[in-house]
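Morning, everyone. I have one model to show you today, and two places in it to visit. Have a look at it first.

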Number of protein chains: 6
Amino acid sequence: MRNDGRTPLDLRPIHIETNFVKHPEGSVLISIGDTKVICTASLEDRVPPFLRGEGKGWVTAEYSMLPRATEQRNIRESSKGKVSGRTMEIQRLIGRALRAVVDLEVMGEKTLWIDCDVIQADGGTRTASITGAFVAMVLAFDKVNQQSKFSSFPVKNYLAATSVGINKDNGIILDLNYEEDSSALVDLNVVMTGKGEYVEIQGTGEEATFSHGQLIEMLDVAKSGILSIIEAQKKALGDLSNRINSGD
Amino acid sequence: MRNDGRTPLDLRPIHIETNFVKHPEGSVLISIGDTKVICTASLEDRVPPFLRGEGKGWVTAEYSMLPRATEQRNIRESSKGKVSGRTMEIQRLIGRALRAVVDLEVMGEKTLWIDCDVIQADGGTRTASITGAFVAMVLAFDKVNQQSKFSSFPVKNYLAATSVGINKDNGIILDLNYEEDSSALVDLNVVMTGKGEYVEIQGTGEEATFSHGQLIEMLDVAKSGILSIIEAQKKALGDLSNRINSGD
Amino acid sequence: MRNDGRTPLDLRPIHIETNFVKHPEGSVLISIGDTKVICTASLEDRVPPFLRGEGKGWVTAEYSMLPRATEQRNIRESSKGKVSGRTMEIQRLIGRALRAVVDLEVMGEKTLWIDCDVIQADGGTRTASITGAFVAMVLAFDKVNQQSKFSSFPVKNYLAATSVGINKDNGIILDLNYEEDSSALVDLNVVMTGKGEYVEIQGTGEEATFSHGQLIEMLDVAKSGILSIIEAQKKALGDLSNRINSGD
Amino acid sequence: MRNDGRTPLDLRPIHIETNFVKHPEGSVLISIGDTKVICTASLEDRVPPFLRGEGKGWVTAEYSMLPRATEQRNIRESSKGKVSGRTMEIQRLIGRALRAVVDLEVMGEKTLWIDCDVIQADGGTRTASITGAFVAMVLAFDKVNQQSKFSSFPVKNYLAATSVGINKDNGIILDLNYEEDSSALVDLNVVMTGKGEYVEIQGTGEEATFSHGQLIEMLDVAKSGILSIIEAQKKALGDLSNRINSGD
Amino acid sequence: MRNDGRTPLDLRPIHIETNFVKHPEGSVLISIGDTKVICTASLEDRVPPFLRGEGKGWVTAEYSMLPRATEQRNIRESSKGKVSGRTMEIQRLIGRALRAVVDLEVMGEKTLWIDCDVIQADGGTRTASITGAFVAMVLAFDKVNQQSKFSSFPVKNYLAATSVGINKDNGIILDLNYEEDSSALVDLNVVMTGKGEYVEIQGTGEEATFSHGQLIEMLDVAKSGILSIIEAQKKALGDLSNRINSGD
Amino acid sequence: MRNDGRTPLDLRPIHIETNFVKHPEGSVLISIGDTKVICTASLEDRVPPFLRGEGKGWVTAEYSMLPRATEQRNIRESSKGKVSGRTMEIQRLIGRALRAVVDLEVMGEKTLWIDCDVIQADGGTRTASITGAFVAMVLAFDKVNQQSKFSSFPVKNYLAATSVGINKDNGIILDLNYEEDSSALVDLNVVMTGKGEYVEIQGTGEEATFSHGQLIEMLDVAKSGILSIIEAQKKALGDLSNRINSGD
């Protein structure tokens, strides 16, 4: 039994509330257990300098935590005057992951800005951000598509993420909460498409190492978790869930 | 009739959801019309350097907007590497306003950090922040008080804020939304206690001026608005609303 | 009697030395008691991006203190690498106040930069800055007008500022010096035109509150002070004082 | 055949010159093909604040490129005034990887600073940095050990890193150079101990995805590459290579 | 004849107004032709970290220009968020120059902060700053000495600075104004004691070179200029001028 | 005898390895005793804004030290987020010195970026940087000249630099190492052309002064040192050494 009553391979409850805020083209409030993230998707009619004139779009992400999303209050990055390495790593990951399932040519010269703001943190904020951002992105593309049709829907595939870890007491566990994450020996984040293909894997021994056998087992657990999470995304998207072209 | 159907002296609907996030000592989600702010109150067991050894506490505030709280996406201040003048003005105002109703000696050498994060903006974010922060502050002091009793409850009086403006078509109007605020000739923010005493007034002609008579009338409108808002605070606080000592 | 021998409603002596430095289009050294500020006005032939192509001008201000303008030496903001909240608040106030009496359409696509550098501080630096900047601005517009005539003189009205406060011993006092300002219960800054219309009022209880009656009385005192200060501006401007069109 | 004449599973030539600079406790110049990195290891007699009084040491890394290490000159991060996300990601990875094979308790309250400065870049700078930093670290601990003996040698295990990728023409390839890296569909960095245990794996589809079968095959190729690289480390360390305790 | 009517070896008129501002321990307004600098000297009862516990004092300087000290308005360094290379060079020079004539042991563990703020610039601002700062420093030490006597007066010698240049039309010229400085082929700044010893010489060919003979001649011209400037310092110091011990 | 066995007027051994890194148009590793600097020269096809449309080129330099180039590890300027005054002074000096021997008109609208990165420091890093940068610059112009001929070779003259100092025990000494530099009473850096003309002299008394006679003698020693260093430059350049037009 885990500290919150789950068995090792249980996910926490997932809720995805769509259109949580009114201004963005797409937005959700995603809750995975006690982790809550507001994900918004904003479309801008231009691309960064390195892409100008290429006829392609871009997807980029920013990530932040409210100061008191955590047990101890954190100093705002705007007060410190710089963005931490952890934040940069996470926002680069989110952007990269989403780009893997978007047809940038179909987008045209537009930028999709994803903003993931953690309002309550209990482990897995980066994977919750990817999972929620995917839904916000689909909503945003749908809204724009209603006004000026894309040649095809720009999202090619489902995408979600979760974490798996190894823990002294319970061995391999799925979807770590904060307390579990802090004491895990190994931490593996996996981003996967709806077809079970990898988009990103990041596995880290925390002052520890892990064997090939453990890796294979963790990847297997991650896959089953992600496929369940994608079901939650489909439910949140409702009718829209059929817009995502499964033929790649 | 105003653009959202109100008469000139109508407030927008107010909702205050207490304990909106789990980690802070006190928190609310306040909605005033379409303006929504998460206000959290965090108590830290030390004071800034200028107060060390004085036996007094401190109340300070930070304010921020999510990038897509607004119609157009704003660049994060953490990305820009600095806090704007507007943000600084607002957070200084919030802190100053709250300190006027707190007994800093009773607090002892503690700092109360108020964080106001606007998740959706439609005018009046600074006055909504003050109004919501007051409730979060009372909740935080109550929580700490349950563990280690203060000699008396540190909040001496109710406190809320609103805006009044002058507008070409409707004359004096209460509680301006974004569209009204953008076109107002005069903008007056008033912070007032539950006893009708002023804590702060800031009146500005926007490339315009205003007469003494107009000022007196606007102050009168502001007062009636604030007294209604304080009723909403009391309702949100429930039983706790009696903790605020009305004898100054 | 106040600490410098004044009665409660006395202003400190005002001196305005015009053309104090040679390069700017307009400049003054204003002394109000021991508070001394160099105010310069510089005209630039372009406007900020948000105004380009609108055919209108802009007035903006910057404010700073020399490190040893004060009793204790302050660290330079250039060394700290950022401008403080207090400085931002003051420079935004100065710019906003001046814009209220300038006809931006008549200016055309020009920016007027006001620089207020406090070389000696003894309270009231922001109100002295506004008062001095007004004179520097008139000088600058006059100089430019001699070369390429504006369709009418761009300054529509006189403008000056002062402070009023409430103090334990003397009740309501006008034009606070540093010592009085530090111990005041209430601090009210008023910016007013030559016609007695308000441009800006900012009243703050310093860990205190104030009543409606006190506010009315303070506003009355401020008005009489400002009208005297405007006489000093007229004297400094000499013949030029008639250029300011009193018919709005 | 690859663009530099290698077969898909060939490593580039590795040279590790020890004691390349005189001041640091340990230093190497590592060349992997045309990628050249100066790695230095500096021991400091104190730990970061979060570890004070814990009796444990810390290993941290910084990474930088000379401006003209690359085909196009890059602007220095000191001139830009901030460290890029890419740099932060890499330096966090290097520090984390090295900590996995160091006994921080044996180190005592010391910090080992690793500096990896790329003087010529041709792909694989982060994996070359880890590989070279490991050798510099062993040299540094040996030097300190000669003066004041550690209870046991603080490095528990060998550690090296390499990259594997998938490329349109050649399928899976080992140790990518810059041109290969730029066009790879999938990029996988692996950090592994001398016992073949994983310390870190980071696999990324670049606007692409990869299957489980491809991942398994890439991991296998990475392992054989790393074991060869560790032989080069042992040769560079000479007699010292026996100091690394193979019993974990 | 030079552009301002001087002969090649003429200095511009010098005026040194002592005690120009009231708060600092020492202050002057120095005018050399149209160049005007406020120099203040502030004594602080502690030293920078690298000197703590050494029983010695420190002298350090900061330099800045008001935005409109020059023909074109300059952006404030506080707005840019960083101090320019030119400013750093000048303030390091001023501090180093003054330290050469101060007995830091006699000072004890105090820091003398020199602030040089150029309010009007017409060439030679760095040499005017050194010359004025010297006088402000003597005033400050004298003021402190009246309260708690130093074992001897901490200033050992007079110190002043000037510039010499080579110009196409007039050959070697002394004390360059802005226009001359901009077109000079060679620019030499000399800081010298009252005994004719060098403290600092900085000679620069501006996209040009200079011969040994030219250097010797320029140094000779600089010396005669500096000795005249020291007479102006003595006159400004009045009775105090005898406090500077001429026997080193 | 000096601490490294040299007589007072001995230079340290000089080695200049050309084409040390592969990407830049020109590069060297220069060693002067234990001081080692990588100097690269990069040509860019545009000029800074202030020169656009003038038909002239520009030469600019950046200087940095690896963190452990020195006995104690230094914090990176990129981590501190700003460039120190010392670094700015040095890089401004390098750029200015090189520009004195380059025909900017012949260059055309190009910028030559010089990067001097100290990998090991033992005194004299700025003079070694100038000496090495000169060689890298000649190599870069030669490389570009092979592709698109300049009307004449843009480097007009040889250029090198060295330091001279006065030291308690040995009197005047040439080419100071770190230990000598730290304890020198006077420090003089001289930059000179191959014809013995000065480009820059910077002489500083370190809390000390120096006489005219000492200055003349130091300049004489510097000249003989620089002429020897130029021989080392010619040897490094080989056949290319004749490209530098000795007729000015």
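**Where chain A meets chain D**

Start with a facing pair: Gln202(A) stands opposite Gln202(D), which sits in β9(D). Keep in mind that this is a predicted model. The strands around that pair are β9(A) and β9(D), residues 198-205 in chain D. They run antiparallel and pair over 5 bridges.

Now zoom out to the whole interface. On chain A, 32 residues are in contact with 32 residues of chain D. The buried area comes to about 2,900 Å². Carbon and sulfur atoms give 54% of that.

Next, the polar side. There are 14 residue pairs in polar contact across this interface. Three elements of chain A each supply at least two residues to the touching side: α2 (85-99), β9 (198-205) and α6 (212-237). β9(A) gives the most, with 8 residues. By class, that side of chain A has 13 nonpolar, 10 polar and 9 charged residues.

Arg92(A) and Glu89(D) meet in a salt bridge through their side chains, N to O, at 2.5 Å.

Second stop, chain C. Gln91(C) lies in helix α2, residues 85-99. Buried or exposed? Gln91(C) counts as buried, because its relative accessibility is 16% and the cut-off is under 20%. Its side chain reaches the backbone nitrogen of Tyr63(C) at 2.9 Å. Gln91(C) also touches Ala61(C), Glu62(C) and Val83(C), among others.

Key: Residues are numbered from 1 along each chain as its sequence is written. Chains are lettered from A and ligands numbered from 1 in the order in which they are written. This is a predicted model: local features need pLDDT of at least 70, side-chain atom pairs count only at pLDDT 80 or more; totals for chains, interfaces and linings use all residues. Side-chain values use heavy atoms; hydrogens and water are left out. Helices (H or I, at least four residues) and strands (E, at least two) are DSSP runs, numbered from the N terminus. Buried means under 20% relative accessible area, exposed over 50%, partly exposed in between (1.4 Å probe, protein chains only). A polar contact is a pair of N or O atoms within 3.5 Å; within protein, one must be able to donate a hydrogen and the other to accept it, and residues adjacent in sequence count only if both atoms are side-chain atoms. Contact means heavy atoms within 4.5 Å. Buried area is the accessible area (1.4 Å probe) that two parts lose on being put together, summed over both. A salt bridge is a side-chain nitrogen of Lys or Arg within 4 Å of a carboxyl oxygen of Asp or Glu. Ala, Val, Leu, Ile, Met, Phe, Trp, Tyr, Cys and Pro count as nonpolar, Asp, Glu, Lys and Arg as charged, and the others, Gly among them, as polar. Two strands pair if DSSP finds at least two bridges between them. Lists of a residue's contacts leave out its neighbours within four places in sequence.
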